[in-house]
Amino acid sequence: MKNYKKKGLLLVSIIITFILTIVFFYLLISIKLWTYNSVSILNIDDNVISVYTTLDLELFIDNNFFYYDNLKYNYKINSKDNFEEGVILSLELEKSFKLINDDMMILLPNKRVNIFSLIIDSWRVK
C-alpha cells in the first residue's frame, strides 16, 4: 500500500510540474514588453528641445511622447532638418523639462516584443 502512495504522489507531482512548465512557456510567449530607442538631446530652450536621430521619422510621428528619468513627456514636432548623417528635430513639450546629471539621452518607445524573443536576442552574439 505504501508503494502505491509513493507512485501516486510522484505522478501528481510530475503532472503539476508539467502543467506549470506549459503555463510558464505560454506566459513567455504571450506577455509583451516595450523596447526603447535612445535619442541624443542637442539643445534645450524652455519647453522646446532639439534632438538628433538616425532613426526613422515614422517613430517620432507615431509616438507623441518620450521618457526621461521615469517621467513621460508629450511633444509636438515643430520642425525637422535633414542632413546626411541624420535628422535634427525641434520638439515642443507640454511641460517643463530639466536635465538630471547631464544625461543627454531620452527614450522613445519602439515596438512591443514578447519576453521569449527578448531572451533569444540577448543570447545572440552581435
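Guide: A pocket is an open set of grid points with protein on both sides within 12 Å along at least five of seven lines. Please keep in mind that this is a predicted model.

Visitor: How much space lies in the largest pocket?
Guide: The largest pocket holds about 190 Å³ of space.

Visitor: Which residues line the largest pocket?
Guide: The lining consists of Y36, Y67, Y68, D69, N70, I100, N101, D103, M105, I106 and L107. By class, seven of the lining residues are nonpolar, two are polar and two are charged.

Visitor: And which elements give two or more residues to that lining?
Guide: Those elements are β3, which spans 65-68, and β6, which spans 105-114. Strand β6 provides the largest share of the lining, with three residues.

Visitor: Let us turn to the whole chain. What is its secondary structure?
Guide: The chain has three helices and six strands. Read from the N terminus, the order of the elements is α-β-β-α-β-β-β-β-α.

Visitor: What is the radius of gyration of the chain?
Guide: The chain has a radius of gyration of 24 Å, whereas a compact globule of 126 residues would have one near 14 Å. Along the principal axes, the C-alpha atoms fill a box of roughly 80 × 30 × 25 Å.

Visitor: How much of the chain counts as buried?
Guide: Of the 126 residues, 24% count as buried. As for contacts between residues at least 6 apart in sequence, 64% of them join residues at least 24 apart.

Visitor: Now for single residues. Is N114 buried or exposed?
Guide: N114, a residue of strand β6, is buried because its relative accessibility is 18%, and buried means under 20%.

Visitor: What does N114 contact, apart from its neighbours in sequence?
Guide: Beyond four places in sequence, N114 is in contact with L28, I29, I31 and K32. A polar atom of the N114 side chain lies 3.4 Å from the backbone oxygen of I29.

Visitor: Where does I31 lie?
Guide: I31 is in the loop between α1 (2-30) and β1 (32-45). I31 and N114 are 83 residues apart in sequence, but their C-alpha atoms are 5.6 Å apart in space. Leaving aside neighbours within four places, the contacts of I31 are V113, N114 and I115.

Visitor: Why does I31 count as partly exposed?
Guide: I31 counts as partly exposed because its relative accessibility is 37%, and that class runs between the limits of 20% and 50%.

Visitor: What about T35: which strand is it in?
Guide: T35 is in strand β1. With a relative accessible area of 18%, T35 is buried.

Visitor: One last residue, please. Where is K95, and what does it touch?
Guide: K95 is in the loop between β5 (87-93) and β6. Aside from residues up to four places away in sequence, K95 touches N47, K72 and Y73. The K95 side chain reaches the backbone oxygen of K72 at 3.2 Å.

Notes:
Residues are numbered from 1 along each chain as its sequence is written. This is a predicted model: local features need pLDDT of at least 70, side-chain atom pairs count only at pLDDT 80 or more; totals for chains, interfaces and linings use all residues. Side-chain values use heavy atoms; hydrogens and water are left out. On a 1 Å grid over the protein atoms alone, a cavity is a set of points where a 1.4 Å probe fits but cannot get out, and a pocket is an open set with protein on both sides within 12 Å along at least five of seven lines; lining residues have an atom within 4 Å of a point. Grid points are joined across faces, edges and corners, and a volume is the space filled by probe spheres set on the points. Helices (H or I, at least four residues) and strands (E, at least two) are DSSP runs, numbered from the N terminus. Ala, Val, Leu, Ile, Met, Phe, Trp, Tyr, Cys and Pro count as nonpolar, Asp, Glu, Lys and Arg as charged, and the others, Gly among them, as polar. Buried means under 20% relative accessible area, exposed over 50%, partly exposed in between (1.4 Å probe, protein chains only). A polar contact is a pair of N or O atoms within 3.5 Å; within protein, one must be able to donate a hydrogen and the other to accept it, and residues adjacent in sequence count only if both atoms are side-chain atoms. Contact means heavy atoms within 4.5 Å. The radius of gyration is taken over C-alpha atoms; the globule rule is 2.2 Å times the number of residues to the power 0.38.
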